[in-house]
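Biologist: Could we go through this structure together? I would like to begin with its charged pairs.

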Amino acid sequence: MKAKIWLISWLVIVVSALSIFGFYVYKIDPFFHYHKPDLDEYYYILDNQRSQNDGITKHFNYDAIITGTSMTENFRKTEVDEIFGCDAIKVPFSGGRYKEVNDNVERGLKANDNIRLVIRCLDTLEGYTINDDTYMREDLGMYPTYLYDDNPFNDVQYIWNRDIIFGRVYQMTIDNDKEDFISGIRSFDEYSRWQSLYTFGINTVVPNGITDIVPENEIHLTEDEKIIIKKNIEENVIAVADNNPNVDFYYFFPPYSIKSWSNWKNEGVLYKNLEIEAYMMELIVPHRNIHLYSFNNRTDIIMDLNNYKDDWHYACWVNSLMLKWMHDGQYQLTEDNYKDYLKQEYDFYTTFDYASVNDQEDYEADFYAAALLNKELTGVDPIDVLNDDQVHVSINGAEVYKDNDGRYAYVSCHGTLARDYNTEPLADYIRDKGFIGIKFDVNLNDGYNYLSFYGQKIMDQGRLTAYVYDENGIVVREIEVNYSDLDNEVHQYVIDLSTISGKVTVVLNGAFVDYTGNPDSQYQFSNIYIF
């Protein structure tokens, strides 16, 4: 009798615990499997593409989709919304093949009648194109198929999943009891965005330089491979557009770096890759609600490895440019122009001296490449801060010197601030009491996105402190470099202001930051530009 009571009691406990766990997983639903997120109660982290993207497409409110491989991860939803006048979601599938991406688009179109725009990259690499139309990668961990089907019984893998219960639901529950808790969700701008995690330039992409090799054989696309590509493209690219004629599909071929083209040339597959791209164009361009783009003839972008972190992946400013180009219809391929495009592409990449890129400069500040492209993006000319009358500049405790051409060239800062480091925050002191260096305002709504300058410690404890304040006096960007971390060389700095709007105030302080420094400290700013 006691054993029976014990067994029943144990079953009641187990069932009760499972019911409670299942209830909270359903209620909070961190993967959005059952419903949209409860943004008033919890904070949701977007960090699991293959578990969360399906729920995003099924339950969020939106009218546009940004999707594709890692080539789309640096897109910003807010930028897409502004340019295309939409309300987008971003659902990338890093390394995902055509079927995986297309299946998600189709599920979104089935669940949401409001979708009017799909922006999607079409990787042209052989591993993406010459695949069976049902191919799905199986090397990325266990695929959560239980989140994608309509079978309620296999949902036990979700609602009673230990990692979800204790790694997400429990943490989200205790987080909203914290005093400073703010509910919400990670933005689609930041979802899967990898820009800040990497460095860019030739010293990163190919530190030993590009080597030209004459391949033993030139490989071409075969008729059997064309059959595979045709089925893949028809099923996973074209059909969804044909079945949704009221939706505009903006497809683009990602602009891989010159290093990837060099690899293809050296491996003897350059002609094959050109033929793959040409065949894809031939299949796609007749479809009227597909707007197809390729940027491979923007060879200035592709040759400049300052735009890349590796052979394939471009920086976020290239994403911004591609959005502008697609919206404006630049580099769009049609039945009338795609053959001319292909000839230009063929002529360039089959004759280019790939080793010639080895002499290019690797910018110390990665965003300098973005700054140089900003005029094309926004239409505004860069401002030479020291020499442009439209900028009101204040110089305090420093001298401005001219170069041999009579232009103001650099600001020399001497000494220390009178700040008490024990009681006065540095940013507040520089904003309210004083600085040694240069101060100026700029309206970012005019199209400016970057602050670029050079700095050099000349003597002892001179150091760089740069603050950008918004109209409320809040620091929105900053660079603070300890004097002990600086050598006496000239260094390049670029501050990314592209996500900030309105009027800002910039202060470049070159003095030591409190009264304890050496009064002979000296620091110098030069080439101060707003792009």
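Predicted model: local features only at pLDDT ≥ 70, side-chain atom pairs only at ≥ 80, totals over all residues.

Biologist: How many salt bridges does the structure hold?

Modeller: There are 29 salt bridges. In one of them Lys-99 pairs with Asp-103, with the closest N and O atoms 3.0 Å apart.

Biologist: Why are Lys-99 and Asp-103 separated by about one helical turn?

Modeller: Because they are four residues apart in helix α4, which covers residues 98-111.

Biologist: Is Asp-103 buried or exposed?

Modeller: Asp-103 counts as buried because its relative accessibility is 18%, and buried means under 20%. Lys-99, at 22%, counts as partly exposed.

Biologist: And what does Arg-298 pair with?

Modeller: Its side chain meets that of Asp-300 in a salt bridge, at 2.8 Å from N to O. Arg-298 is buried at 11% relative accessibility, whereas Asp-300 is partly exposed at 40%. Elsewhere, shared partners join Asp-54, Lys-58 and Arg-107 into one salt-bridge network.

Biologist: New topic: how many cavities are there of 30 Å³ or more?

Modeller: The search finds three. The largest has a volume of about 50 Å³, and its lining includes Thr-124, Trp-261 and Glu-277.

Biologist: Which element gives the most to that lining?

Modeller: Helix α11 does, with three residues. By class, the lining has five nonpolar, three polar and one charged residues.

Conventions
Residues numbered from 1 in each chain as written. Heavy atoms only, no water. 1 Å grid on protein atoms, 1.4 Å probe; cavity = no way out; pocket = protein on both sides within 12 Å on 5 of 7 lines; lining within 4 Å. Points joined across faces, edges and corners; volume = space filled by probe spheres on them. Helix = DSSP H or I, 4+ residues; strand = E, 2+ residues; numbered from the N terminus. Nonpolar A, V, L, I, M, F, W, Y, C, P; charged D, E, K, R; others polar. Salt bridge = Lys/Arg side-chain N within 4 Å of Asp/Glu carboxyl O. Buried < 20%, exposed > 50% of the residue type's maximum accessible area, 1.4 Å probe, protein only.
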